[in-house]
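Student: Before we discuss the helices and the contact between the chains, could I have the model in view, and then the terms as we need them?

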Amino acid sequence: MTVSKDLVAASAGPLVLSILAQGENYGYAIIKRVRELSNGQIQWTDGMLYPVLHRLEKQGLIQSQERVSETGRKRRYYRIEDKGTAVLKEQRSQWMLVYSTLKQLWETKPCLT
Amino acid sequence: MFDLNKAISSWRIGLSERQTCEKSDIDEMESHLREEIDSLTASKLSEQEAFLVATQRLGDTNSLAAEFAKVNTSILWRKRLFWAGAGLLSYIVATYIAKCASTGFVLLARFTGVKGYSLGIVDLISQIVFFLAVVFVLYEISRRKDMQGGLFCKVADNPWGKFILFAAVFMIIAAGLAARILARATMVRMVGLSEYGEIAIFGAYAGLVWQISMPLILLVVVICLRPSKLRKAGAQS
């Protein structure tokens with residue numbers, strides 16, 4: 001099973017913010033992390049992550065810094081900002097609300113009386 | 001033999017031709033690409049296979065460029081303005097060179113015995129020929145592959161390169177102005193007023209020719225340099 005395109009697009013922002021909330025990271029590792037966590041079922045076209053990162057940066061939710069890694073490769077590391085943490089909190093409660101609503105609908109047995 | 005660096009640099013050119021990615025965006029994705037290729041070659045893929053898989057996973061250049069266009073809204077306009085400025089400048093430089101060179105020709109013709117309104121005709125024809133020659137040279141320079149992706153961008157991206165570029169443009173305009181004044185003064189002194197007047201009449205005709213030929217030249221240049229044609233040329237090389 002793979003996640004539909006619309007849902008991938010809608011969840012990209014919260015996923016990125018949640019990963020960055022655990023510590024700063026760079027593009028390639030963010031994609032790898034999403035792939036691992038979803039057992040490869042959330043399939044991003046890798047390049048699409050970067051416009052998402054830049055949009056979040058423009059909105060002031062995250063901040064980037066170019067650094068040279070241990071392997072000598074230039075990487076741009078992203079770090080979550082206070083505003084990003086606040087937005088993530090808000091998004092989290094929205095996703096939880098959707099999730100719990102759906103869950104209730106799917107778990108309640110139809111009432112026959 | 002597959003050359004990874006060559007493949008990556010042509011991938012970069014393909015992306016930068018779409019004009020929606022900043023250089024730093026492409027750098028970032030190149031670093032991603034190389035990391036993916038490293039991890040794929042570590043799992044026994046050849047460099048060429050790894051490159052193909054990694055670029056496939058990254059997404060095709062068209063949709064990548066379209067995604068970046070949504071974020072980088074200002075870059076497209078900046079680039080268009082840049083090209084419009086470059087075009088205007090080329091026009092100014094071409095007319096300066098044409099006018100100075102034609103003055104030289106008129107003086108030469110005068111020494112070889114041409115007189116009266118014939119001098120005006122010499123002026124008109126040499127102006128047109130030189131103008132077209134300069135436009136052709138500029139066109140050939142801009143058509144070359146390394147001017148689009150490589151050399152020119154390198155100069156424009158370097159802060160000193162930018163300064164030198166501006167200084168060079170300023171010098172060309174200043175030199176053109178000085179040369180025109182000098183050429184005119186020399187001409188008045190050398191050919192006499194009545195002949196200068198004849199030349200001036202043809203100078204007015206030259207103005208008419210510019211007005212008609214400029215849009216046509218512009219149209220030809222735009223058609224020859226359109227992005228789809230450049231892409232095809234890039235795919236062949």
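Tutor: Axes are lines fitted to C-alpha atoms, for helices over the stretch in contact, and angles run from 0 to 180 degrees between N-to-C directions. This is a predicted model, in which local features need pLDDT of at least 70 and side-chain atom pairs count only at pLDDT 80 or more, while totals for chains, interfaces and linings use all residues. Residues are numbered from 1 along each chain as its sequence is written, and chains are lettered from A and ligands numbered from 1 in the order in which they are written.

Student: Why are H1(A) and H4(A) called oblique to each other?

Tutor: The axes of H1(A) (residues 5-21) and H4(A) (residues 82-107) come within 10 Å and cross at roughly 125°. Angles under 35 degrees count as roughly parallel, over 145 as roughly antiparallel, 65 to 115 as roughly perpendicular and the rest as oblique, and therefore this pair is oblique.

Student: What makes H1(A) roughly perpendicular to H3(A)?

Tutor: H1(A) and H3(A) pack at an angle of about 70°, with their axes 10 Å apart, and that value makes the two helices roughly perpendicular. The contact (C-beta atoms, placed from the backbone, within 7 Å) is made by Ala12(A), Gly13(A) and Val16(A) of H1(A) and by Val52(A), Leu53(A) and Leu56(A) of H3(A).

Student: How many residues of this contact of H1(A) with H3(A) are nonpolar, polar or charged?

Tutor: Five are nonpolar, one is polar and none is charged, where Ala, Val, Leu, Ile, Met, Phe, Trp, Tyr, Cys and Pro count as nonpolar, Asp, Glu, Lys and Arg as charged, and the others, Gly among them, as polar.

Student: What makes H8(B) hardly covered?

Tutor: A residue is buried if 20 or more other C-beta atoms lie within 10 Å of its own, exposed if 12 or fewer, and partly exposed in between; among the 33 residues of H8(B), two are buried.

Student: Which element gives the most to the side of chain A that touches chain B?

Tutor: In the contact between the chains, 15 residues of chain A meet 17 residues of chain B, and H3(A) gives the most to the chain A side, with five residues. That side divides into four nonpolar, four polar and seven charged residues.

Conventions. Two residues are in contact if their C-beta atoms, placed from the backbone, lie within 7 Å. Helices (H or I, at least four residues) and strands (E, at least two) are DSSP runs, numbered from the N terminus.
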